[in-house]
Every structure is written in structure tokens, then in C-alpha cells.
Amino acid sequence: MTLFHYIHKDTVLHRMDGRLKLAALLFFGLAAGFSSEFHDYLVAFSVLFCALLLARLPVAALLKEMGFFGVLILIVMVVNAFTIPGEPIPNSPFAGISQQGVITGLRFAGRLLMVLLLSVVVTGTTPLARFRDAVEWYLRPFPFLPAARVATMFNLTFLLLPVILDNFKEIMAAQNSRCVQLRKNPVKRLKYLVFPLLDQTLRRADEIAYAMEARGYSEVRTRATFKSTKTDWLMLAISLLVFLFVLF
Amino acid sequence: MALLETEDLTHVFPDGTVAIEGINLKVNAGEFLVIAGPNGSGKTVFARHLNGLLRPTRGRVLLDGEPISKDLIGARKKVGLVFQNPESQIVGQTVAEDVAFGPENLNLPADQVATVVEESLAAVGLSRFVTRSPHALSGGEKRKLAIAGILAMNPKIIVFDEPFTGLDYPGVVQVLKEILRLHKNGHTILLITHELEKVLAHAGRLVIMHGGRLVEDGKPETVISRVENYGLRMPLREGEKVGSLTWLK
Amino acid sequence: MAEETVASKSMNLRMTVYAALFTALIIIGGYISVPLPVGPVPIVLADFFVMVTGLFLGFKWGLASVALYLFLGILGLPVFAGGRSGLAVLFGPTGGFLLGYLLLAASAGLLAGKGRPSIARILMALLTGNLLLYGAGLPWLKAVTNLSWAGTLAAGLIPFIPGVIIKITVALILARTFLPRFRERLVSS
């Protein structure tokens with residue numbers, strides 16, 4: 001699985017200062033949320049696609065793995081097309097589709113796709129540690145907020161997300177091979193899925209906590225060093241411009 | 001004076017289960033010690049006392065004659081623990097990041113962390129994997145990564161908890177070679193296993209745990225004849241010597 | 001250093017790891033979501049894991065875990081239901097439900113109590129939590145979408161009632177099976 005994983009390359013995006021990248025991510029995320037007109041999408045997607053190429057990520061493999069989300073996007077579009085009230089489309093073979101529904105569905109799908117592409121670019125080019133260090137850097141000035149601890153949690157969550165997801169798939173497969181789908185009672189079905197998942201996750205948590213302690217875990221730790229180049233600032237400026245363009 | 005010593009080490013769980021009881025063990029610098037015992041004999045609980053992860057109900061652990069409870073961080077630097085499941089030891093998204101975890105905890109300056117990481121990875125031969133995801137490594141390489149993570153703390157003693165579990169033949173050979181190299185370089189090795197046939201030839205001493213107690217302690221040649229009394233498989237056939245108990249050619 | 005501070009440090013680390021893993025579970029709960037053909041609120045397991053997080057981690061750490069979840073989403077990482085993210089989602093139709101997760105975890109943690117878990121208390125805690133969740137989610141949904149109250153309930157409440165009942169039941173069974181052992185283990189180390 002390459003989706004949402006760091007893929008090591010040596011490009012300007014990979015080298016970018018984590019703090020600026022985090023800010024750029026925030027601007028772009030806002031842009032995705034506010035996009036509504038066709039030209040908004042055109043600009044945002046062009047910039048994102050350039051970033052994808054610039055980062056030299058394996059585009060074909062990534063698109064293939066986004067299939068899961070593709071189905072989701074499709075469902076949302078269809079649901080919207082049928083349920084949003086409005087003018088019916090003339091000569092449409094499907095009764096009950098409204099123009100407004102299709103437009104709303106497309107907008108929604110566009111936003112979702114944008115967020116996904118954005119995360120692919122960011123997670124693919126940013127080592128988790130640099131991300132974590134940037135988060136810690138932003139949180140440090142806040143009083144009463146244990147920045148180091150939040151950073152550790154951030155790191156662990158993303159480190160173990162794929163592991164737990166694999167675990168979940170394995171449990172599903174094991175249950176399906178024992179014909180869980182024949183069980184009609186939804187309480188039992190959910191139970192059989194969640195019990196092993198929680199049990200294994202808690203066990204794993206215990207072991208990780210021991211392993212971290214054995215290696216002397218401390219919240220007073222070596223601080224990351226940051227350095228930003230002009231290119232980094234340029235990229236931040238581009239994302240700010242995209243956001244402003246979409247907003248107005 | 002022994003490098004590592006336990007006195008009457010006892011751990012009772014809150015539900016009343018006695019995990020280990022009255023363990024007295026002295027380990028001298030430079031020893032290669034194998035601790036064997038069936039599942040549930042308390043080996044792992046014992047190991048987790050050696051660097052203070054678990055605190056004893058009774059008794060104590062001494063390092064260089066000092067109780068470890070006085071300086072737990074010091075104990076964790078001196079006693080490196082390689083866990084049974086290497087997956088749960090990985091805390092970094094890349095190999096280098098994972099090895100850096102220990103030195104970063106010690107709050108070393110960033111450039112020093114980088115040097116230590118480089119040296120530790122070179123020591124176990126994983127230098128070419130620095131930017132790789134640890135989960136993409138083979139079983140044997142994951143164990144070596146765990147070893148590198150511990151070497152970065154510069155320990156005197158390395159405790160291996162079932163280091164061969166789940167490894168294929170090349171994996172076992174890889175890890176075994178690494179352990180022997182560490183021993184040759186002056187590290188004291190405590191190796192917990194129930195798979196004596198893979199490693200006993202290299203050990204200078206064999207300790208057996210059974211039902212939470214230390215029941216045998218002596219030269220492998222003498223102790224080996226009694227292992228079947230304690231739920232372990234006798235690895236030697238008629239006429240074979242302890243020296244044949246290794247997976248290295 | 002005193003034994004006491006060492007023990008509390010080690011406890012903090014454990015809770016930190018638990019909270020991070022529960023955040024991961026909430027995220028995964030949002031991925032296995034099924035959009036329903038009745039409105040913009042998809043059926044997810046995220047709320048189920050939020051309940052479990054509150055019950056297992058208690059008020060403080062349960063809240064921390066859910067707060068981290070929201071924080072990651074705000075940063076722009078695709079952690080919300082169906083891989084969405086960003087401030088726009090938080091201010092969108094389902095934003096009230098997302099903020100309601102904080103209330104759900106907090107009340108599950110606060111009302112379920114410490115000591116030996118009693119079924120009645122846990123049930124009460126989960127019911128209150130869900131009331132607060134929908135109490136925050138529904139008016140928000142109405143305000144953002146300009147639906148009538150009838151429309152809001154049809155889109156944001158009625159289709160979810162069977163799911164919520166199932167989730168509460170499973171959370172109850174889960175708490176009864178795991179919680180006593182979990183708490184014992186926490187004290188023991």
C-alpha cells in the first residue's frame with residue numbers, strides 16, 4: 001500500500017521545511033472547503049497535479065489505490081443527484097435526477113477528491129517525524145499544552161494506523177471465512193468484529209508502551225532543527241494565492 | 001563484583017498469580033548466558049525487571065552493585081532489552097527515525113543523534129536501509145533494527161527475549177551471527193529462549209526457569225541432561241555434544 | 001528520583017500510547033462508513049469508537065484522544081468519515097456531530113465512573129453522551145442546511161436510531177467484558 005505513505009525521493013517538496021508545509025496544507029485544505037465554481041476547481045486541481053508531478057510520486061499506483069475512495073465519491077454523487085430537489089434534467093433516462101442535485105454532487109465529489117490528492121502529496125513527501133516536529137513547533141508557544149506529548153501521540157497514531165487497518169482487514173477475512181455473513185443479528189456481527197480488534201489493539205499498546213519505556217522515553221528530548229529556503233516560501237505563497245483565489 | 005545481580009526477585013500480580021519467586025542470579029561482565037524455560041515460566045517477567053520496566057514485589061536488581069531503582073534511566077541505558085515481538089518496538093516511520101528514538105530521549109544534541117544513528121546502523125549492517133519503512137524489512141532485519149535501536153543507547157548488557165520467534169532459517173542465522181558479534185565486542189549477553197538447539201553451543205552458562213523459579217544454573221554440558229524434567233525438549237541425540245547445538249555451520 | 005514520580009511518568013506514557021491508538025481506531029471507524037441515501041450524514045463506526053474511548057480512557061484521556069482526532073482533521077489530514085478533512089467540514093452540515101464527539105467521550109468517561117463498572121451506570125453514561133451528541137449535531141445541521149425541523153430529524157436522526165441502539169449495546173457488552181481486566185492491568189503496573 002503506497003497511499004498515504006511516505007515515499008522517499010529527493011525533490012523540493014520532500015526537502016520543504018515542515019513548518020511551512022503544514023501552513024501550506026492548511027491553506028490548501030481551506031481552499032478545498034471553499035471551492036464552489038468551476039474555475040476554482042480548475043486552478044486548485046492544476047496546482048495539485050503539478051505538485052504531484054514535482055514530487056515524482058508514482059501517480060498510476062496511487063490512482064489505482066484510490067479506487068476505494070472513488071466508489072465512495074460515486075455513491076455520494078448518485079445520492080445527491082437523486083435526493084436534492086430541483087429542476088429535472090430534460091430527456092434524462094433516469095427519472096428523479098435534478099440539475100441542482102448533479103451540481104451539488106459534483107461539487108462535493110470535487111472537494112473530496114481535492115482533499116485526497118492533497119493528503120497524497122503531503123503524506124507522500126513528508127516523513128512523519130518532520131510532520132511531528134512541525135506540529136510540536138506550532139504548539140510549543142501555547143501555555144498548558146504539552147506539545148511534546150501531543151507530538152508523540154501524533155506520531156503513534158499515524159505510525160499505527162496502517163498496522164491497525166491491516167489487523168482489521170485480517171479479522172474481517174477470518175470472520176468471513178467462517179461465514180459471519182450468515183449471522184442475522186447485527187449486534188453479534190459488530191461484536192465479533194470489534195472484540196478481537198480492541199483486544200489486539202490494547203495488547204499492542206501495552207507492548208509499545210513497554211518498548212518506549214525500555215528505550216528511556218522522555219518528553220524532554222532532542223529538538224528538531226528547521227531550515228527554510230526561498231523555494232519553500234514560494235510554495236507557501238502559491239498555496240496562499242490558491243486559497244485567496246478560491247475565496248474571492 | 002557481579003555486573004548484574006538479582007536478590008530474591010519476586011513479582012506477584014494483583015490477582016495473586018506469582019510470576020517469579022525468589023530469583024537469585026549473578027551475571028559477570030562478558031558472560032553469554034542462556035535462560036531457558038517453557039512458556040509461562042516467568043522468563044519475560046524476569047527480563048522486564050532487569051531494566052526496571054516492572055518493579056518487584058520483593059527483592060531487588062543491582063547493577064554494578066547499585067540498586068537500579070536509584071537510577072532507572074541509567075539502568076535503561078546500561079541494560080538494553082530486545083523484545084520478543086519486533087513489530088511493537090518500532091516507533092519510527094523510517095529505519096533512521098526509529099534508531100534515533102533512544103538518543104533523542106536522552107536529549108543529545110541533534111548532530112550527535114545523527115552520528116549515533118549512523119554508527120548503530122552501520123554496526124548491524126543496515127546502513128543502506130536508512131530511509132526505508134521498518135515494516136518493509138524482513139523478520140531478521142527487523143530484529144537487527146531493534147538491536148541498532150538499543151546500540152544507540154550504548155548498553156553494557158543486552159537481553160534478548162525469544163529472539164528467534166517467527167524467523168525463517170536465514171533470519172535465525174542473521175540474528176545469531178549478530179548476537180555473537182556483539183558478544184565478541186564485549187557486550188554481556190542474556191538470551192531467553194526455549195529453542196536451545198539454535199544457540200546453546202555458544203553459551204557459557206545455562207539457567208533454567210520453571211514455574212517462576214530458577215531451578216538450574218550451571219555449565220551447559222551438565223545442565224543439558226536434565227532439561228526434560230522442566231518441560232523442555234532434550235535437543236541432543238545419543239552421542240552428540242553441546243557444541244553441535246547451533247544453526248551456524 | 002522518588003519511586004512515585006517514576007511510576008506516574010510510566011503511567012502517563014501508557015495513557016499517551018492508549019490515547020493515540022484510540023484516535024487511530026476512531027479514524028478507522030470513520031473509514032468503514034456507509035453513506036445512506038437519506039441525507040448528508042453517513043453511518044459510521046467513528047461514534048462507536050468515541051464511546052469506547054470515553055469508557056476505557058476516562059474523562060481526561062478520552063477527551064484528549066478525541067481532541068487529537070479533531071485536530072488532525074483540522075490540519076487537513078483525511079481522518080473524518082469517508083476520508084474528508086479540514087475546517088470546512090467542521091463548519092459544514094456534520095460539524096456539530098464532530099464537536100459532539102467531544103461531549104460524547106467526555107460524558108462517557110465522566111459518568112461511567114472509576115471502580116468496578118456497573119451496567120446501569122455505563123448505559124446511563126452512553127445514553128447521556130448520545131443525547132449530547134445529537135443535541136449538538138441536529139441544531140447545527142438545521143442551521144447550516146436551512147432544513148425544517150422535520151427535514152433535519154429525517155436526515156440527521158431517524159435513520160441512525162437503529163445503528164445507535166446496536167452500537168450502544170455492543171459498547172455495553174464490550175465494557176463488561178474488557179473494562180474490569182483493563183482497569184486492573186492499569187493499576188498493576
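Confidence within chain B is lowest in helix α2 (residues 72-78), where the mean pLDDT is 92, and highest in strand β3 (residues 32-36), at 97. This is a predicted model, and these values are the predictor's own confidence in each residue. For chain B as a whole the mean pLDDT is 93, with 100% of residues at 70 or more.

Chain B meets chain A through 31 residues of its own and 25 residues of chain A. About 2,600 Å² is buried between the two, and carbon and sulfur atoms give 54% of that area. Three salt bridges are counted between chain B and chain A. R221(A) and E104(B) form a salt bridge, with their closest N and O atoms 3.3 Å apart. On the chain B side, the elements that give two or more residues are α3 (95-105) and α4 (110-123). Helix α3(B) provides the largest share, eight residues. By class, the side of chain B that touches chain A has 13 nonpolar, 13 polar and five charged residues.

Chain A itself is assigned two domains: domain 1 (1-131 + 228-248) and domain 2 (147-218). Their centres, taken over C-alpha atoms, are separated by 29 Å.

The other contact to consider is that between chain C and chain A. Here 56 residues come from chain C and 53 residues from chain A. The buried area is about 4,800 Å², of which 84% comes from carbon and sulfur atoms. L13(C), L21(C) and L75(C) supply 12% of the area that chain C buries against chain A, more than any other three residues.

What polar links cross the interface of chain C and chain A? One salt bridge is found there, joining the side chains of D206(A) and R14(C) at 3.4 Å, N to O. Three residue pairs are in polar contact, both partners again at pLDDT 80 or more. The side of chain C that touches chain A draws at least two residues from each of α1 (3-31), α2 (46-75), α3 (87-90) and α7 (161-188) of chain C. Helix α1(C) gives the largest share, 17 residues. Sorted by class, the residues on this side of chain C are 39 nonpolar, 13 polar and four charged.

Key:
Residues are numbered from 1 along each chain as its sequence is written. Chains are lettered from A and ligands numbered from 1 in the order in which they are written. Side-chain values use heavy atoms; hydrogens and water are left out. Domain bounds come from an automatic or database domain assignment. Contact means heavy atoms within 4.5 Å. Buried area is the accessible area (1.4 Å probe) that two parts lose on being put together, summed over both. A salt bridge is a side-chain nitrogen of Lys or Arg within 4 Å of a carboxyl oxygen of Asp or Glu. A polar contact is a pair of N or O atoms within 3.5 Å; within protein, one must be able to donate a hydrogen and the other to accept it, and residues adjacent in sequence count only if both atoms are side-chain atoms. Helices (H or I, at least four residues) and strands (E, at least two) are DSSP runs, numbered from the N terminus. Ala, Val, Leu, Ile, Met, Phe, Trp, Tyr, Cys and Pro count as nonpolar, Asp, Glu, Lys and Arg as charged, and the others, Gly among them, as polar. pLDDT is the predictor's confidence in each residue, from 0 to 100.
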